[in-house]
Amino acid sequence: MFRFGIMGAGNIAAQFCDAVKISGCAEVIAVASRTPGKAEIFAKKNDIPFYYSSYEEMLAKKDVDGIYVATTHNFHYENMIQALSAGKHVLCEKAFTMRKQEAEAVFDLARKKGLFCMEAMWSRFLPAIQKAKSWIEAGLIGDLNMAHFMIGFASSSDPNGRLRNKALGGGAMFDISVYAIEITSYLIGKPILSFNGSVLKDENGVDMVDVITLCFEGCIASLQSTILTNVEQSLQICGTKGRIKIPDPHYSERCMRFDANGLAEEFYQRRDNGFQYEIREMVSCIQQGKLESEIMPHRDTLRCAEIFDFCLNNK
């Protein structure tokens, strides 16, 4: 049984704990938080035997095999470097890092240490996304030529909240545009030849609306993200023989394939928690001696980070 330690004790860490129980291949044995008392409360609520008020204490624990990084975006780079330096495999919440240079440094260290490291882009592993991928690879919608991804919601206007605070890595890009980029590029399955993007920022320099164009060989994808407005979230991928529609693609349970005559096939599978699929992938890869996943490889995280840098004008 693979043994996880968790950095950070927020809501997403709780979802991860539930997913580990569902996975059948791992357990959470430790949690650490820098906020006094928070790790203890979290551990007791989620049946975790060990809790720490410092990451260093937890990372020194020899029976922790890997770390799930569940901190805010601004701490991901620092936390992953700590975990890898301590000899732990890493699964880090999206967005992986705030700059491409940071992601490169993390992956370089992982390779040098011979450790598995992956961005927790859980959506790529969902059954509905995998089904859509199989339809595309089987040629059922023909040669791909166009895609459109829309995602968004009305976030809290609190300037100190996670989504509106630039120091915490707030904004649409790191929170939801990452889904649009990484789900669309995965399904299209070709290298991104070029990209462009525009962002609408608030008075604090936090991106509220992102519009990104990805160009592939023979196909163009338009991605729209917002944290200002509730929108109908969906992904459509079109080809010469039909199209695929995926409602709520970042947590979808359903996908539909259309041909010239209309709806040709529909797939539905409850995702339950949803994180269990990426956990099984991580454990399986480590058991096989792999340092990265073929479904969420390092190169895709790096390309996404490059798009971040361009759109947000990061140095």
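Figure 1. Helix H6 (residues 127-137) lies across S7, S11, strand S12 (243-247), strand S13 (254-259) and S14. H6 runs at about 25 degrees to S13. Helix H7 also packs on the sheet, where H7 touches S7, S8, strand S9 (207-216), strand S10 (219-226), S11 and S12. The direction of H7 makes about 20 degrees with that of S9. The model shown here and in the other views is a predicted one.

**Figure 2. Strand order in the eight-stranded sheet.** The sheet is open, its pairing is mixed, and its strands follow the order S8-S9-S10-S7-S11-S12-S13-S14. Opposite Leu-144 stands Gly-239 of S11.

**Figure 3. Two hairpins that share strand S9.** S8 and S9 are paired in the antiparallel sense over 8 bridges, and Ser-194 has Cys-215 in S9 as its bridge partner. The hairpin of S8 and S9 has 5 residues between the strands, and Gly-205 takes a positive phi near 80 degrees there. S9 is also joined to S10 by 8 bridges, again with the strands running antiparallel. In this pair, Leu-214 stands opposite Ala-221 in S10. The hairpin of S9 and S10 has 2 residues between its strands, and Gly-218 in the turn has a positive phi of about 75 degrees.

Figure 4. Strand S5 (residues 89-93) is paired with S6 in the parallel sense over 4 bridges; Glu-119 in S6 is the bridge partner of Cys-92.

**Figure 5. The largest nonpolar core and the surroundings of Ile-6.** This core has 83 residues, and those touching the most other members are Phe-4, Ile-6, Phe-16, Leu-187, Leu-214 and Phe-308. Helix H7 (residues 172-188) supplies 12 residues, the largest share of the core. A second, separate core of 25 residues includes Tyr-52, Tyr-55, Met-80 and Cys-92. Beyond its neighbours within four places in sequence, Ile-6 is in contact with residues including Ala-13, Phe-16, Cys-17, Val-28, Met-58 and Tyr-68. In soluble globular proteins, nonpolar side chains tend to be buried together.

**Figure 6. The whole protein chain, for orientation.** The protein chain contains 9 helices and 14 strands. Along the principal axes, the C-alpha atoms fill a box of roughly 60 × 45 × 35 Å. Of the 315 residues, 55% are buried. Among contacts with a separation of 6 or more, 66% come from residues 24 or more positions apart. The accessible surface is about 13400 Å², and 49% of this area belongs to carbon and sulfur atoms.

How values were computed:
Residues are numbered from 1 along each chain as its sequence is written. This is a predicted model: local features need pLDDT of at least 70, side-chain atom pairs count only at pLDDT 80 or more; totals for chains, interfaces and linings use all residues. Side-chain values use heavy atoms; hydrogens and water are left out. A nonpolar core is a set of buried Ala, Val, Leu, Ile, Met, Phe, Trp, Tyr and Cys residues joined through side-chain atoms within 4.5 Å. Buried means under 20% relative accessible area, exposed over 50%, partly exposed in between (1.4 Å probe, protein chains only). Contact means heavy atoms within 4.5 Å. Two strands pair if DSSP finds at least two bridges between them. Axes are lines fitted to C-alpha atoms, for helices over the stretch in contact, and angles run from 0 to 180 degrees between N-to-C directions. Accessible areas come from the Shrake-Rupley method with a 1.4 Å probe; for residues, only the protein chains shown count as cover.
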